[in-house]
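Here's a quick tour of the charged side chains and who pairs up with whom. Have a look at the structure first, then read on.

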Amino acid sequence: MFLEQVDLSKNPFWKYILGSFVIIIFSVIGQLPLTYVLIESGPVSPGTDPMDMLRNLDKNLQLFLLLIPFVVGLLGFWLVIKKLNERSLLSVTTSRSKIDWSRVFYAFAIWGMFSIVLIVGDYFIAPDSYEWNFNAKSFAILFVIAVALIPIQTSLEEYIFRGYLMQGFAGIFKNRWGPLVMTSIIFGCLHLFNPEVEKLGYGIMVYYIGTGLFLGILTLMDEGIELALGFHAANNLFTALLVTSSWTAFQTESILIDISEPSLGIELVLSLVVLYPILLFILSKKYGWTQWKTKLTSKI
């Protein structure tokens with residue numbers, strides 16, 4: 001069983017707290033190239049908003065610099081798992097004897113298809129809400145950066161929250177619902193300073209926490225993070241390639257720019273009430289999930 005793979009005598013919870021700080025330190029080190037570029041881009045005066053300075057950079061350069069901390073953070077995570085917790089990467093990935101890549105690719109493909117259909121469908125329904133932004137050269141550079149680095153970003157987040165911390169909290173709560181709730185709340189709070197929060201208000205935290213719960217349910221029902229890895233990668237990658245807007249965290253040379261005024265209510269209902277349950281149903285049928293109550297709420 002996925003949550004039971006931790007030897008608590010060798011991995012008390014303080015190691016997970018220390019490990020999290022080490023990963024944060026590595027991520028901060030990964031921000032040094034961004035800091036250097038911002039300083040070199042022009043004089044910095046008191047009260048200057050770093051976000052304004054960032055937005056003045058080339059969009060592909062922006063994306064590259066924003067993703068580098070995740071690459072360095074992943075190195076930190078690997079060192080924490082190997083040296084501090086003395087565990088294998090497999091043990092925080094899945095309860096299976098090896099990583100099931102077919103699960104990763106299936107979740108990636110199905111959510112990628114959902115994303116394409118939704119974005120293209122909305123474009124044809126409300127074309128005035130979008131501007132065509134395609135530039136072959138810029139998009140080609142974006143494609144290389146996104147394909148190479150976005151899966152690293154999303155994988156690090158899944159390994160930390162649905163793998164590392166979910167197993168760590170299991171040692172405290174001695175049940176399944178506690179780690180699910182705690183990691184989802186922390187995952188949501190991680191996005192608290194995203195520009196989307198400033199634009200849409202704190203209500204969007206319901207979406208972030210709800211998405212964390214959804215990914216946690218995938219992990220607990222499937223006894224591994226493979227499906228969460230595939231979903232998260234597809235969600236961020238296809239969004240970066242297909243559509244961006246002036247108020248999102250990632251500003252990319254995507255095919256479309258969304259110029260409409262966002263509606264939080266519609267986004268919440270569509271994702272949390274419609275799409276996520278549909279995807280859970282599809283995956284449960286494909287992988288034969290049973291005993292939902294036991295896998296989500298039972299004691300360990």
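Glu223 and Arg176 are both buried, and in this predicted model the two form a salt bridge, with their closest N and O atoms 3.4 Å apart. Glu223 sits in the loop between helix 9 and helix 10 (226–242), while Arg176 sits in the loop between helix 6 and helix 7, so the bridge ties together parts that are 47 residues apart in sequence. A search of the whole structure turns up eight salt bridges, and here are some others to look at.

**Arg176 and Glu4**
- Arg176 also forms a salt bridge with Glu4, where the closest N and O atoms are 3.5 Å apart.
- Glu4 belongs to the segment before helix 1 (13–30) and Arg176 to the loop between helix 6 (136–173) and helix 7 (177–190), so this pair ties together parts that are 172 residues apart in sequence.
- Glu4 is partly exposed, at 35% relative accessible area, whereas Arg176 is buried, at 2%.

**Arg96 and Asp222**
- The side chains of Arg96 and Asp222 make a salt bridge, at 3.1 Å from N to O.
- Arg96 is in the loop between helix 4 (59–84) and helix 5 (101–125) and Asp222 is in helix 9 (residues 204–222), so the pair ties together parts that are 126 residues apart in sequence.
- Arg96 is partly exposed, with a relative accessible area of 23%, but Asp222 counts as buried, at 3%.

**The network**
- Which residues are linked with Arg96 and Asp222 in a network of salt bridges? Asp100, Arg103 and Glu226 are linked with them.

How values were computed
Residues are numbered from 1 along each chain as its sequence is written. This is a predicted model: local features need pLDDT of at least 70, side-chain atom pairs count only at pLDDT 80 or more; totals for chains, interfaces and linings use all residues. Side-chain values use heavy atoms; hydrogens and water are left out. A salt bridge is a side-chain nitrogen of Lys or Arg within 4 Å of a carboxyl oxygen of Asp or Glu. Helices (H or I, at least four residues) and strands (E, at least two) are DSSP runs, numbered from the N terminus. Buried means under 20% relative accessible area, exposed over 50%, partly exposed in between (1.4 Å probe, protein chains only).
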